[in-house]
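Subject: Structure handover

Hi,

Here is the structure I promised to pass on. Please open it alongside this message and follow along.

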Amino acid sequence: MLYALFLTFLVNSPLLEVETSSSEFPDNFLFGVATASYQIEGGWNTSGKGENIWDHLVHTYPERIKDRSTGDISCNSYQYYLEDVSYLTYLGVDFYRFSISWSRLLPTGFSNHINPDGVRYYTDLITHMVRLEIKPMVTLYHWDLPQPLQDLGGWTNPLMANYFEEYANVAFDLWGKYVSYWITFNEPDEVCETGYGKGINAPNINSSGIGDYLCGRTLLLAHARAYHLYNSKYRHRCRGQIGISLSTPWYEPKNKTEEEASERALQMEFGWWANPIFSKKGDYPDIMKERIEKFSQMDNFTASRLPKFTRSEVRLIRGTADFLGLNHYTTNLVSCDEEPPNSTDYRKKDLGVLKQQNPNWEPSSVPWLKVVPWGFRKMLVWIKAQYDNPPIYVTENGFADRGELNDKGRVNYHTAYLRSMLDAIKYDQCNVKAYTIWSLLDNMEWTDGYTVKFGLYFVDFNNPSRRRVAKNSVEFYKVLIQNRQIPVLNLETTPIPMICMNATETTTTTTTTSTEGCI
């Protein structure tokens, strides 16, 4: 009844218009939204779930989180997952990208103990989606390693590749017949460089140019082993696809003399992960191996700080993806900036570039995210040229604000980035198959806590029931998916029907800027 009333309003109002100029998507193009387990689930220590590295970080070092918050409850999607699925239905998405909490499924990290409640929770979520014809896109690892495995060295321990393969086998066996798309890892650069190099994200290890490279080697081997496991044991009967999600900004030369810096940044940041999997030769990019070898020798290391792959390992990793998952948000300007010889920030020395942004670019609520849609197209074209035009699923693209319901900035951002992506598809023949908005819900944004909002739905984190409220961007995305065209949203003159939901009540209020009556 609620949806029928809203659609009647929508059809008879000037709220949305569909553009008629080059804004149509291919018929088989897929649209979805994304979340991650730690960021939305809550239920951090209930029903047999084990501790993960983010649980450990926020409880042991609360000062590391901007607002000293935790993901202990977050959106409480552990309780309200059926409500979340109702939003997917309302939006009309083709797929929902979410992640499995390794610690909820395997509390100790090892496959000898499977948590029945973890099996129940994800089985209920997945089967409910499938009944509603929403395809699950499941991420196996979205940053939340079981703490017992971190106590053994985490991703710097080569045996983690074995443990990850065993975990993947449990997930494939339980849900392979339902899941259309598997993603092994989300943003390995953040896992390794930010977690094991810069000491910002969990597990907060500051080992620049050493720990991050050890982590990267193990993670790429773990990815390959999971891929080959699926390929040999499950693909013939489950008929799904498996890939990896890599994140990158576009690296634009600061001026015409800085093209070398741009290419170096692309190779040593994005190519670090993409080259071993998607290039014809495999292995790390040559420039990455050469620079790290050179600076390792200069700093009196007896071998390169970048641990080498054997020939058999190069072959094992090469070609291990059915699609390239791309997380893209913004663009950086880059220029050459070699570190002093005595610097111990080895990763920064290896890279040798300065990353900046134009202060005149449109901002978001976080300093690193500027609105630069033309960089999206350039990134897609670079991937096409570098890796022989692989199938690309855009697995994250989103805009940060402070939680406004009239989220005009988010609508404008997605409009501009979708147009840029369409140009790459139509005029550059980039093989882009899917687009995913980050995120379905406002959530716990890692070290930013709840100070930053990416969601299509506002979440009231002060309300025990974690009431959700649809932002204006919900209607933008809904109409886009329905019409398979980019709509024009008139946010200035038309009242917005606000949909407020939680597990026990649903109300509709018409408003422009206030949430009164809903929160």
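Below is what I found in it, starting with the whole and moving to single residues.

**Overall**

Please keep in mind that this is a predicted model. The protein has 519 residues, and 64% of them are buried. Its secondary structure comes to 17 helices and 19 strands. The accessible surface is about 19400 Å². Carbon and sulfur atoms account for 50% of that surface. Now take contacts between residues at least 6 apart in sequence: 77% of these join residues at least 24 apart.

**Helix H11**

Start with H11, which covers residues 259-278. It has 20 residues, yet its end C-alpha atoms are only 23 Å apart. A straight helix at 1.5 Å a residue would reach 28 Å. Look along H11 and you will find a kink of about 75°, centred on Gly271. H11 is also largely enclosed by the rest of the structure, because 17 of its 20 residues are buried.

S7 pairs with S9 (residues 331-336) in the parallel sense, over four bridges. Within S9, Leu333 stands opposite Glu252.

**Strand S8**

Next, go to S8, residues 324-327. Which of its faces are covered? Both are. Leu324 and Leu326 are buried on one side, Gly325 and Asn327 on the other.

S8 has a parallel partner in S6 (residues 241-247), joined to it by four bridges. It also pairs with S13 (residues 392-396), again in the parallel sense and over four bridges. Ser247 stands opposite it, and its bridge partner in S13 is Glu396.

**Strand S3**

S3 covers residues 95-99, and five of its five residues are buried. Phe95, Arg97 and Ser99 are on one side, while Tyr96 and Phe98 are on the other. Both faces are covered.

S3 runs parallel to S2 (residues 30-34), with three bridges between them. Ala34 stands opposite Arg97 in this pairing. S3 also runs parallel to S4 (residues 135-141), joined by five bridges. There, Tyr96 stands opposite Pro136.

**Tyr163**

Tyr163 lies in helix H8, residues 160-175. Is Tyr163 buried or exposed? It is buried, with a relative accessible area of 16%. Leaving aside neighbours within four places in sequence, Tyr163 is in contact with Trp102, Phe110 and Leu149. Phe110 is 53 residues away along the chain, but the two C-alpha atoms are separated by 6.7 Å.

- Pro203 is in the loop between H9 (188-197) and H10 (211-238).
- Asn204 is found in the loop between H9 and H10. It is buried, with a relative accessible area of 16%.
- Ser439 is in the loop between S14 (432-438) and S15 (457-459).
- Arg466 is in the loop between S15 and S16 (468-470). It is buried, with a relative accessible area of 11%.

Over to you.

Best regards

Technical notes:
Residues are numbered from 1 along each chain as its sequence is written. This is a predicted model: local features need pLDDT of at least 70, side-chain atom pairs count only at pLDDT 80 or more; totals for chains, interfaces and linings use all residues. Side-chain values use heavy atoms; hydrogens and water are left out. Helices (H or I, at least four residues) and strands (E, at least two) are DSSP runs, numbered from the N terminus. The expected span of a helix is 1.5 Å times one less than its number of residues. The bend at a residue is the angle between axes fitted to the seven residues ending there and the seven starting there. Buried means under 20% relative accessible area, exposed over 50%, partly exposed in between (1.4 Å probe, protein chains only). Two strands pair if DSSP finds at least two bridges between them. Contact means heavy atoms within 4.5 Å. Accessible areas come from the Shrake-Rupley method with a 1.4 Å probe; for residues, only the protein chains shown count as cover.
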